Amino acid sequence: MDFKLTEKQQFIQNMVREFAEKKLAPGAIERDKTSEFDVELYKEMGEMGIIGLPYPKEYGGSGEDYMAYALAVEEISKVDAAVGISYSVSTSLYGGSIMASGATEEQKKKFLTPVMKGESFGAFGLTEPNAGSDAGGCITTAVRDGDYYIINGLKCFSTNGPLADYYVVYALTEPEKGAKGLSAFVLETKTPGCSVGHIEDKSGIKSAQVSEMIFENCRIPAENLLGKEGDGFKIAMKTLDGGRIGVAAQGLGIAKGAFEIARKYLMQRKQFGKQLFKNQYLAFKMAELKVQIAQAEMMLYKAATDKSLGEPYSQSAAMAKLVCTDAAMKVTIEAVQMLGGNGYMREYEVERMMRDAKITQIYEGTNEIQKLIISGSIFR
C-alpha cells in the first residue's frame, strides 16, 4: 500500500502545521497553566475548514478524506494535544456518531453543520461512573413520552462538555435489555434539565474542558433519536473505531513534537566538552525512538487509509491506537530524561507532553481494550 501523501493532503498538512506553529504553540504553556481553552482559536480552525475536514460540504465540512483529518490532528497535537483532543471529539466522536447512525438528511444538516464549521462544539456521552470499558453498564435512561423522550442520568469525562452546544448522549430505552436496549440521541445543551456538573482537574490536556453532564427530566424531541431504538451500542462501537484513529493521531503528534524538542536540545547542549548527541548512548536512544515513531506512523496511516477507502478498519484502528499512544508515552518519558533537569521544567514543554501522553493510553478504549479487539479479530 502506498502511503505517499497526495498534493491536497500535503497542502492540508502544511496549512495546519503553519497554523499550529504560529497560532497554537505560543500560548500552549500558558493554557496548560490556566486550564483555559481558547475558543477564538478553535473558531479560527473552523473558518479554515479544519474542523469538518472529513465531512461533506453540504453538512459544513470540507469534503476531504480521513487521512487529511488524521494529519490535521497530528500537526495540532505536536504543539498542543489539548486542542487536538477537543478537535478530535467534535469531529470523530460527535460527528461520527451522527454519520454512523444513518442519520436523516434533516438531522445531518441541523446537527452537523454548526459543529463542522467550528461555530459550535460537539460532545459525546457514553461513559458513566460505573460504565467505562464496560459501555453496556450504562444506567442513563430515555423514556418515550409521546413525541418526546425524557432523559435522566449522568455522564462523566465528557470532553468539550462545558463548551458544547450539541451533545450525543447514549441512554437506555429498554433497560431490561442491557446493551441491546441502548439508544443514541442528539440534544442541545440549552435544553432544560441538561446541565454541566463537576469540571475535571486533570493531570494533562489541561486546557481541554472535561466534565460531568447531568440530565434531570431532560425533554427532547423524538426526532432527535439517531437510527432506531436499540441501535446505540452498535453506533457507539462504530464511532469509537473512528475516534481511535483520532487518538492515534494525537499520540503520534505528541511523540513527534517531543522527539523534535529532544533532537534540537541534544544538538545544542554541551557536556564534557561535546554536544550531547555525540554520546553514543543518547544517539542510539534517539535512533530507537525514531524507529518507534516511524512504525506508529505507518500504523496510523494504514488505519486512516482503510477508513478513507471504505475498507474494514476496526482492527487497524485498534492497532494504530495501541502503537501510537504507547509511542507517545515512551518518547515523552525519554525526552524528559534526555533533557535532564530542564526536561522537568515547564518552559521546555516535554513534561507537559508527557502528562498529555498518558491519557491517550486510557481514553476512547484503554490500550488493554485495544488488545482485546485485536486478539478477538485474530481468533474469530
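Predicted model: local features only at pLDDT ≥ 70, side-chain atom pairs only at ≥ 80, totals over all residues.
Mentor: Residues are numbered from 1 along each chain, and side-chain values use heavy atoms, with hydrogens and water left out.

Trainee: Which parts does that pair tie together?

Mentor: Arg219 lies in strand S7 (residues 210-221) and Asp145 in strand S2 (residues 141-145), so the pair ties together parts 74 residues apart in sequence; strands here are DSSP runs of E of at least two residues, and helices are runs of H or I of at least four.

Trainee: How many salt bridges are there by this rule?

Mentor: The count comes to 27 salt bridges.

Trainee: And what does Glu64 pair with?

Mentor: Glu64 forms a salt bridge with Lys8, their closest N and O atoms being 2.6 Å apart. Glu64 lies in the loop between H3 and helix H4 (66-79), while Lys8 is in helix H1 (residues 7-24), so this pair links parts 56 residues apart in sequence.

Trainee: Is Glu64 buried, partly exposed or exposed?

Mentor: Glu64 counts as partly exposed, at 21% relative accessibility, given that buried means under 20% relative accessible area, exposed over 50% and partly exposed in between (1.4 Å probe, protein chains only).

Trainee: Changing topic, where does Asp38 lie?

Mentor: Asp38 lies in the loop between helix H2 (28-34) and helix H3 (39-47), and counts as partly exposed at 31% relative accessibility.

Methods
Salt bridge = Lys/Arg side-chain N within 4 Å of Asp/Glu carboxyl O.
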